[in-house]
Amino acid sequence: MKTLSFLKSATVIAVSLISFSVFADVDTFADDNAVTLSGHDAVAYFTENQAVEGSAAFTSVYDGAIFYFSSAKNRDTFNANPAKYAPQYGGFCAYGTALGKKLPVDGKAFEVVDGKLYVNKNLDVYETWVEDKEENITEANSQWKVIKSVAAQDL
């Protein structure tokens, strides 16, 4: 019975991903399995102020990527308002975006600023980004308007 339930869930996720990827106008960072934030729980960044590993048992699809959560409660919280918890810049590195690039992230380097989640490639890049965080966010916001629909490999 668990196998049948898992297969149904996997099918729903696959169909959702196909639908989202066909209509999405924003490139979203995800691994080869379409998982974003390196599998970390997007809600936990806000509620626990730390990078918490998510689980394939608790997933949601948003902007063409699969989000993992550490609990059903966090998944349901996300589903109630995904735009609130989804990372800025499609989940690409905030510092890279400020430089006009789309760089992958490890999910451990993050900060919530004014209710928005910013992730960075790694902790070293985060340390550079945070030195002038406000200017980097302003520049990334400007760059994102230009690069959001451009594939990472084309930048």
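Asp114, Asp124, Glu127, Glu131, Asp132, Glu134, Glu135 and Glu139 come together on the surface as a patch of negative charge, where a patch takes residues with over 30% relative accessible area and no salt bridge and joins like charges within 9 Å. Helix 6 (123–131) and helix 7 (133–147) are the elements that give two or more residues to this negative patch. The structure is a predicted model, in which local features need pLDDT of at least 70 and side-chain atom pairs count only at pLDDT 80 or more, while totals for chains, interfaces and linings use all residues. Residues are numbered from 1 along each chain as its sequence is written, and side-chain values use heavy atoms, with hydrogens and water left out.

**Overall make-up**

- The protein has seven helices and four strands, taken as DSSP runs (H or I of at least four residues for helices, E of at least two for strands) and numbered from the N terminus.
- Read from the N terminus, the order of elements is α-α-β-β-α-α-α-β-β-α-α.
- Of the 155 residues, 39% count as buried, a term that means under 20% relative accessible area, with exposed over 50% and partly exposed in between (1.4 Å probe, protein chains only).

- Asp124, which belongs to helix 6, counts as exposed because its relative accessibility is 63%.
- Between Asp124 and Ala109 there are 15 residues of separation in sequence, and their C-alpha atoms are 8.5 Å apart in space.

**Salt bridges**

- Two salt bridges are found in the whole structure, each defined as a side-chain nitrogen of Lys or Arg within 4 Å of a carboxyl oxygen of Asp or Glu.
- Lys133 forms a salt bridge with Glu111, with the closest N and O atoms 2.6 Å apart. This pair links distant parts of the chain, since Lys133 is in helix 7 and Glu111 is in strand 3 (residues 110–113), 22 residues apart. Glu111 counts as buried, because its relative accessibility is 16%.
- Arg75 forms a salt bridge with Asp76, the closest N and O atoms being 3.1 Å apart; Arg75 is partly exposed at 21% relative accessibility, and Asp76 is partly exposed at 42%.

**A buried charge without a salt bridge**

- Asp41 sits in the loop between helix 1 (2–23) and helix 2 (42–47), and it is buried yet has no salt bridge, the nearest side chain of opposite charge being Arg75, 10 Å away.
- The Asp41 side chain does reach the backbone nitrogen of Ala44, at 3.1 Å.

Note on methods:
Patch = residues over 30% accessible without salt bridge, like charges linked within 9 Å, V, L, I, M, F, W, Y side chains within 5 Å. Areas by Shrake-Rupley, 256 points an atom, 1.4 Å probe, with all protein chains shown as cover. Lys, Arg positive; Asp, Glu negative; His and termini not counted. Charge placed at Lys NZ, Arg CZ, Asp CG, Glu CD. Polar contact = N/O pair within 3.5 Å; in protein donor to acceptor, adjacent residues only side chain to side chain.
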